[in-house]
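Please take a moment with the sequence and the model before reading on. This briefing is meant for a reader who comes to them for the first time.

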Amino acid sequence: MKALLIKEFRENSKWLVVGLVLFAGVAYCWLPEIRFTWSYSFVSSFEKSLTAIVGFLGGLFALSLGVLQSALDLRSGPRAYLQHRGVKSSQIVLAKLITGFTIYAIAILIPMSLLAVYLGGFGIQTIPVRPYQIVRALAAGFFAYIMHPAAILCLSRGASWWGTKTIPIFAALAIAGSMIVYCTVTSDWLWLFPVYMLLLAITCWAAVDAWEKLSLNPPAAQSLPNGWRVNGVLFLGSLACTLIALQLLSPLGSLLHRTERREFETKFDLSTGEPWAVSTRPEDLLKSNVEKSNGSIFGSKIQIGVVPNEFSFMPKKMQLGSMQYLTDDPDPSTMFQSLYSDQYNYWNHPIWANVIDRRGYLLRYSVIDRERPRLDSIIDKEGIHSPNSLPDKPFVNLREILNGPSGFRAYFDSKGVYALQRYRSNAPDVLLNRLVEGNVSAAELSTIPILDVHRLVVVVDGEVREYQLLDENDSEEWTTDAQTVTIDDNGTKTLSRKGEEQAIRAKLIQSVALPVQFANRKPHSLLRTQAGYVVMVDSFSPKYFLLKFDGTSEELPVPKDESSSNALANPVNATLPPALMLIASFAHFIYWANRGESAELVEWLMERKSILVYLAILGIIFVLASVWVVNRMLRKRGIAGKLRWAWLLTCIPLGIATPLVVASIYAVRVREKCMSCGQPRSVDLEHCEVCNTQWPLGELEGIEVFDTNASLQSESLLST
Amino acid sequence: MLTKSDLTTKSKHCTMHRSTVTFGSIMQILITTQSTTPIFRQIVDQLRRQIASGQLAVGDALPSVRQLAKDLVINPNTVAKAYAELQRDGLIESRQGRGVFVAKRRVIFTKTERTRRLDDAIERFAAEALSLDFSNDEILERISSKLEQLTHEPG
Amino acid sequence: MNRDNVIQSDRLTRYFGKRVVVQDLNFSVPRGSIVGLLGLNGAGKSTAIRMMMGFLTPTRGRCEILGRNSQDLRPEDRVRIGYAVEGHFLYPWMKVQDCEAFGRDTFPRWSREQFYATIDRFGIAPSQKVNWLSRGQRAGVSLASTISSDPELLVLDDPALGLDPVSRRALNETLLDFNDSGARTVLISSHMLDDIERICDRIAIMVAGRILVDCKLDDFRSRIAAWSIESSSDPGTYGRIPGLIHSHRRSHSWVVTVANPNDATLSALEQLGAVSCEPVDITFEEAVIAYLARSRRSDTFLSGARAAS
């Protein structure tokens, strides 16, 4: 075994160098100085993008390593040299796996550890990136390793390239890909490890098995060994591939509550006063046929255009469209919060950047020097603290209120609404002001155009409350003048302000009890209109309600969201295994029996019956097609009788995954004409399937020269 | 025609591979592959000639089967077969534990058998000799002198 | 199964797709012999050997090697056999002494002295790097690696391919040494008819996936005869000569090669009524070539199903 390890390592040490260079390159490109110049949204995407790139490149590297390690030794000369020894095939493969994993791990660990050390050296004082954010990237690298045994398995299998030889690669890709994606975007990915270790063990086991059965490669007109383990791996792999290939993940992703991701918001068109529901998804922003409002572009000075003296804030119908939603955060999909990094990060301010840390702190950075942000202070519930140590009272679920006027920084957590303020224009100090106290579940700043004031609308303690924001003179008419930045000859930036500073307290002016039905529905995106509050609730598709001041509510009509309907109507969805649909229906039935109401998704689907019917018809066509294909495949593979019926019936629940599964389990049989009965008979069976005769002995050609029966004469002289 | 040589020759044009082995200063065996004569027969013929001509005297030791095979780089069975034939014909004998030696000539064939063998040899020789376009007398003369030379018997 | 056969195959058959590559092979290698396996490229020699060595599964039939089923060879069986595939593969990054160490660590019985003695015979120094060796030297290292594990049986697939004459001689000497007058068995597949004629005591000829000859070398020679027939057209086609292997053309005549000639053969030759029909002596090479050339012309070359009987 030791000799095998030495051999593998000596042969592949050059790839270790390649790997080190590769991941060192990644680490270099992810150095804060370099990364920061790419995008403003440095912090939130640092960890995610590093995780993704390490996972992706790691998968490529592992795959290449696996291919190189096995392809070379599978040629006939090297294979005989290696396998014809006093070593077992399992030892050979194990040596490859151990060496491959060691090379892979070193190639990733060393550069990433150096990166972590580098980040640690800076400390949070400079950049809000912590060394342990590397951990997720390492996890992604670990998940990507499965490509290595998968490559070894793929190359050693006795299947044809045109057939099912590459299935292990796709199965491993599905496993690695989904795990990497999951750990990139969620926080609780630790439970993936035991699942992954099991799958990895199975794949390694299958690779060893394939090497032990290398003599079946190429297959000699016989089916693959009927061992349950390889077939089990192939079956699962086929299914996994089918599911992934059928874009199951994408519809699943859509099933999550998209409104929580702030993909939809309500805003006023400030020139016409009409409330708009807007989409913030990049794909919608890029559509050219989108209606644009004439209103403000978020983040810059508000244009007060032509505003009619009287206009109804509540038109019967809502005009819906998309509005340019420009922020400096090019990463709008911050729907899944990473473990340690922040949530939003707006670096559009020339001097200050506030970063929400998931531990519950608000970190305030000075970004005067764009390349070297400096931690200025750490803010918790009690106020502003020096940056040298972590204070005691972190926020819980801190979120930024986005719609405020420029320069007014407001936040809310589960216990209150806060604002960062100054009392005097030139004071360097910043104070944290608690505006509202209570169990806050949502808070918005709503600008009322005609009055040109900002109101704070908060869902707190079961009520929707509206607050005036008053400055120190108790006036609501405070403004923040634009802050100007001057750059002197040395390149130093200074910020100057004029005018009074922001409001310092909130005064309640009215409140409405939140109807019961909204209690659990997480209302957000509150818009204060004349008739009441337009509330958007968490749901599969945007739903808007008008919460009137008298406490009643009515649902507002919303045009259908075409894009999700289009996603539903994708014919690929008809290829989903009917069994899955059955299970989902059953699950929903249980849900309905318990809750007494249907799930929103089902309601949404029911609204689109025509699409469902169309998909059902397509699905039946697909099932019939797969029955036909599978029938032909089984015939070619010599499966008949009850087993054939069993497979044909399997087409119904499995759908078009079935041909894939059949192809991976059975190999095509070669047939010849039987001498006795004239029917085709498999060449690898001793007896004809039809007439049970054996293969006839060949005719002699008449020129054979074989030993006669005379015994070999002993040559006694040989002993002299 | 084969030419005597005591060096191993390599020829690019033909695939023949020759081996020779020398014993003391007397004995040389030369075998050629790609010949119409099997290898064992080449050994038999050469040894027979050497014994007949006196190059190998009665009582001389022959190399062991193994040794000869090793030196000629051929299969020992081939050498064994050659030795077996010579032994059957009474030209050599094997002594227990000591090796193989040239035997005293014993007549072990009947006259008929000897005559038949002589006729065979004559047949082979005559065909070749006649094709060389010599007259009968010239051939006879040369045979005579050769026999004289070999056996030191006059006439 | 004859206990005395180190390799014994029983109707060994192998298809690649629809094509039959090895057909009903009944082949045996008796203990202590040196067997030469001959055949054209593509006749199925390497496939047959791979099946015997357990590196390829037969479509039908079975084969036993050293008393064990070829498909069930365990490491402890494999170490009793020395096997080298054509091409003399060695790890290019190794030095010769690394090859020795690799063999020593992966075989339970290993003779260092044997390895270095063989190396020496080929004129190789232990510290040389493998990828700087000539073809002949690589063959020497490959051979050393194979025999130093003290196997009972040596199977070599085309060991003399591309070798210079000096290395070929070293190879022959080593093989004869190894065989030690019947102590161990050797099976080689080769095209070098010189070497085969020298060192083998048995030969086998494969034509189009079947074994047509499997006997002692001298028996083979004695059972093949040839005649030179003066004729304008191929006597093999218009006359039915039993046992005819092949006929080929010389300047004004045809030479027919016949296996196992008997009286029927002689009368068939007479019935041809040719102007002249003379027996000729043939060399070993010509006898072998008669078999091999046959497959080039034959209609049943590499065909799948047998012709309808």
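The model is a predicted one, and the points below are grouped by topic.

**A patch of negative charge**

- On the surface, the residues B:Asp133, B:Asp137, B:Glu138 and B:Glu141 gather in a patch of negative charge.
- One of these residues, B:Glu141, belongs to helix H5 of chain B, which runs over residues 136–151.
- B:Glu141 has a relative accessible area of 58%, and it counts as exposed because that value lies over 50%.

**A patch of positive charge**

**Helix H10 of chain C**

- In helix H10 of chain C, made up of residues 263–272, the buried residues are C:Thr265, C:Ala268, C:Leu269 and C:Leu272.
- Viewed down the axis of H10(C), these buried residues fall within an arc of 100°, and therefore they line one face of the helix.
- The other side of H10(C) carries the exposed residues C:Asp263, C:Glu270 and C:Gln271.
- Just after H10(C) comes C:Gly273, which takes a positive phi of about 65°.

Methods
Residues numbered from 1 in each chain as written. Chains lettered and ligands numbered in written order. Predicted model: local features only at pLDDT ≥ 70, side-chain atom pairs only at ≥ 80, totals over all residues. Heavy atoms only, no water. Patch = residues over 30% accessible without salt bridge, like charges linked within 9 Å, V, L, I, M, F, W, Y side chains within 5 Å. Areas by Shrake-Rupley, 256 points an atom, 1.4 Å probe, with all protein chains shown as cover. Salt bridge = Lys/Arg side-chain N within 4 Å of Asp/Glu carboxyl O. Lys, Arg positive; Asp, Glu negative; His and termini not counted. Charge placed at Lys NZ, Arg CZ, Asp CG, Glu CD. Helix = DSSP H or I, 4+ residues; strand = E, 2+ residues; numbered from the N terminus. Buried < 20%, exposed > 50% of the residue type's maximum accessible area, 1.4 Å probe, protein only. Arc of directions from axis to C-beta.
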